[in-house]
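Please work through the exercises below with the sequence and the structure at hand. Each task is followed by a worked solution.

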Amino acid sequence: MKDRVINFIPKTFALSIALCGVLTGCAHQSPTIAHTHIGHAITAFKGAPEDDGLFNVAENRAREAQNLARDLSANPSMEQANSSARELIEVIGTESYGLKFSLREAASHINYAAGADDASANVRASAAQFAAASEDLVRRCDLTMLLATDFIGSQDTEERQQLGAEINKLTALNINGQSGPEKQIGTTELREMLDAMIAGEEPPYTTVDRWYLFHLVRLPECDTCWAWRKWANSSNRGY
């Protein structure tokens, strides 16, 4: 039943669009389910800040965190430095699209893409690599928040300097990573992974229109069944 549902709906949609093209000249090529999920990570996702792509949000948060880390180290005022540390914790850890949340959501949608019936072997292989690399960065986020909490609680100037230096190192690694034997992966390399995955798609990946990005829903009682909202149960509004 699952295969019938997920295959029938896109075909119905394609026929409807083709008919529209014959009658009114408004033909569009519907994207694959896999490519739609990739679009959620790199183009747009409803509910994210400014409806931006989930990984784009993660990149922005990583830069914000690095700036706040610099502020807490450079500010001579303990009160203001602690304020920067608290904001850093929020930017990384908030469930309202902080760095950690946005990164994990981006990885989830890349995994959704890999699990779609129309996913290519390229997407399936790339998704596993991206998910594993993302978790390394998530663990670094957890450590950064822990050190920032220690920074706020410390009254010792030397200890605060040491904590600040480590926080700055971690937030820099979250962006640029580190090569060599103790390789670290940051958002820069994660972006390169996504770019390589997209470049390896055949037929080529093209930017998914926002209508599709904002109207894909998962069908009830089926983790891998997806449909455009127009054909789905109207009560099923999200993932």
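This is a predicted model: local features need pLDDT of at least 70, side-chain atom pairs count only at pLDDT 80 or more; totals for chains, interfaces and linings use all residues.

**Exercise 1.** Determine how helix 2 and helix 5 are oriented relative to each other.

*Solution.* Helix 2 spans residues 33-42 and helix 5 spans residues 99-115; their axes come within 8 Å and cross at roughly 170°. Angles over 145 degrees count as roughly antiparallel. Helix 2 and helix 5 are therefore roughly antiparallel. Helix 2 makes the contact through Ala34, His37, Ile38, His40 and Ala41, and helix 5 through Ala106, His109, Ile110, Tyr112 and Ala113. By class, the residues of this contact are 7 nonpolar, 3 polar and no charged.

**Exercise 2.** Decide whether Leu72 is buried or exposed, and list its contacts beyond four places in sequence.

*Solution.* Leu72 belongs to helix 3, residues 54-74. The relative accessible area of Leu72 is 2%. Buried means under 20%, so Leu72 is buried. Leaving aside neighbours within four places in sequence, Leu72 touches Ala81, Ser84, Ala85, Leu88, Phe151, Gly164 and Ile167. The C-alpha atom of Leu72 is also 9.5 Å from that of Arg160, although the two residues are 88 residues apart along the chain.

**Exercise 3.** Describe the second largest pocket and state which helix gives the most to its lining.

*Solution.* The volume of the second largest pocket is about 210 Å³. Of its 13 lining residues, Leu72, Ser73, Asn75, Arg160 and Gln161 are the closest to the centre. Helix 3, helix 4 and helix 7 each supply at least two residues of this lining; helix 7 gives the most, with 5 residues. The lining divides into 6 nonpolar, 6 polar and 1 charged.

Notes. Residues are numbered from 1 along each chain as its sequence is written. Side-chain values use heavy atoms; hydrogens and water are left out. Axes are lines fitted to C-alpha atoms, for helices over the stretch in contact, and angles run from 0 to 180 degrees between N-to-C directions. Helices (H or I, at least four residues) and strands (E, at least two) are DSSP runs, numbered from the N terminus. Angles under 35 degrees count as roughly parallel, over 145 as roughly antiparallel, 65 to 115 as roughly perpendicular and the rest as oblique. Contact means heavy atoms within 4.5 Å. Ala, Val, Leu, Ile, Met, Phe, Trp, Tyr, Cys and Pro count as nonpolar, Asp, Glu, Lys and Arg as charged, and the others, Gly among them, as polar. Buried means under 20% relative accessible area, exposed over 50%, partly exposed in between (1.4 Å probe, protein chains only). On a 1 Å grid over the protein atoms alone, a cavity is a set of points where a 1.4 Å probe fits but cannot get out, and a pocket is an open set with protein on both sides within 12 Å along at least five of seven lines; lining residues have an atom within 4 Å of a point. Grid points are joined across faces, edges and corners, and a volume is the space filled by probe spheres set on the points.
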